[in-house]
Amino acid sequence: MSEVRTYVVLLGVPGAGKGTQAKLLEQSTGLPQVSTGDIFRYNLKNQTELGKLAKSYMDRGDLVPDDVTIRMVEDRLQQPDCARGAIMDGFPRNLVQADAFDKITAPDGGVHVVPLINLEDDETIRRITGRRSCRTCGAVYHVVFNPPKIENVCDIDGGELYQRDDDKEETVRNRLFVYYKQTSPLIGYYFAKGVLAEVDGSVPITEVQQALLALMG
Ligand code: AP5
């Protein structure tokens, strides 16, 4: 029998802080962050077939097709660093993906906890439009709420900070629409399974992190 693994699924609107918190949880728990958005962006940067396919969907703020995304996650979870589980950031994102994720993780103990990071839409837009990310390591900053020590330079590796192509206000509004239509049904799905836990995402980053760590026990 395989060892029981811990899978944490972070839910929340675009900009709620999933990526920020996943990186912090990775540091404190040793479980790797598995971000489907980051994997797509890596492929985009390296001009792979997957990257080219994902680009048109991402530019519009739509979801990349399920078959491609599910296969990609399945492969990622077989990597040795996922031997104890993973912090899922951006997957699953609809009911088809959630069902597939249940099947993938069932032999390893299933989903452990699903924190829903709550945030108002207006705050989401403010956060996303001020976000800057490192081109090399992917670290996430905000020009006001979480600025780097030197403007446009990553504190961790000195990489250049950039604004994501899909962070334009028009695309963000479609991403929110897609979230409410396709991703929000997962709230009921995981509530019914007894693993959903709500967290206030409007408080400072360190306080959100403490709330998440408390959930992980
Ligand atoms: P993805 O990269 O997953 O984007 P998202 O879900 O829209 O989430 P974001 O990365 O925008 O926000 P976040 O919640 O991580 O917030 P962050 O921590 O950065 O997906 C992008 C695209 O890829 C999708 O549109 C889709 O096309 C495709 N895709 C991805 N997964 C897919 C899937 N499973 N299926 C199909 N397609 C998929 O924080 C935001 C900002 O706020 C930052 O600047 C941060 O510094 C700041 N901040 C964070 N927390 C706080 C706080 N507590 N107080 C103040 N500021 C804060």
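Residues are numbered from 1 along each chain as its sequence is written, and side-chain values use heavy atoms, with hydrogens and water left out. Because the model is predicted, local features need pLDDT of at least 70 and side-chain atom pairs count only at pLDDT 80 or more, while totals for chains, interfaces and linings use all residues.

Helices (H or I, at least four residues) and strands (E, at least two) are DSSP runs, numbered from the N terminus. Two strands are taken to pair if DSSP finds at least two bridges between them. Strand 1 (residues 6-10) is joined to strand 3 (residues 85-89) by five bridges, and the two strands run parallel. Within this pairing, Thr 6 stands opposite Gly 85 of strand 3. Two bridges also join strand 1 to strand 4 (residues 111-118), again with the strands running parallel; here Tyr 7 has Val 111 of strand 4 as its bridge partner. Strand 1 is largely enclosed by the rest of the structure, because four of its five residues are buried.

An open sheet is formed by three strands in the order 6-5-7, with antiparallel pairing. Its edge strands are strand 6 (140-142) and strand 7 (161-162), each of which pairs on one side only. Strand 5 (residues 131-134) is connected to strand 6 by three bridges, and Ser 133 has Val 140 in strand 6 as its bridge partner.

Two packed helices are described by the angle between their axes and the distance between the axes. The axes are lines fitted to C-alpha atoms, for helices over the stretch in contact, and angles run from 0 to 180 degrees between N-to-C directions. Helix 5 (residues 95-105) packs against helix 8 (residues 185-192) at an angle of about 35°, with the axes 10 Å apart. In this contact (heavy atoms within 4.5 Å), Leu 95, Ala 98, Asp 99, Phe 101 and Asp 102 of helix 5 meet Pro 185, Leu 186, Tyr 189 and Tyr 190 of helix 8.

Rings of Phe, Tyr and Trp (its six-membered ring) pair if their centres lie within 6.5 Å; planes under 30 degrees apart count as stacked, over 60 as edge-to-face and the rest as tilted. By this rule there are four aromatic pairs. Tyr 7 and Phe 101 form an edge-to-face pair, because their ring centres are 5.8 Å apart and their planes stand at 80°. This pair links distant parts of the chain, with Tyr 7 in strand 1 and Phe 101 in helix 5, 94 residues apart. Both residues, Tyr 7 and Phe 101, are buried. Ring pairs also link Tyr 7, Phe 91 and Phe 101 into a cluster. The rings of Tyr 179 and Tyr 180 have centres 5.3 Å apart and planes at 80°, so this pair is edge-to-face. Tyr 179 counts as buried at 8% relative accessibility, whereas Tyr 180 is partly exposed, with a relative accessible area of 40%.

Thr 124 lies in helix 6 (residues 121-129) and counts as buried, at 0% relative accessibility. Leaving aside neighbours within four places in sequence, Thr 124 is in contact with Val 13, Pro 14, Leu 119 and Leu 176.

Terms used
Buried < 20%, exposed > 50% of the residue type's maximum accessible area, 1.4 Å probe, protein only.
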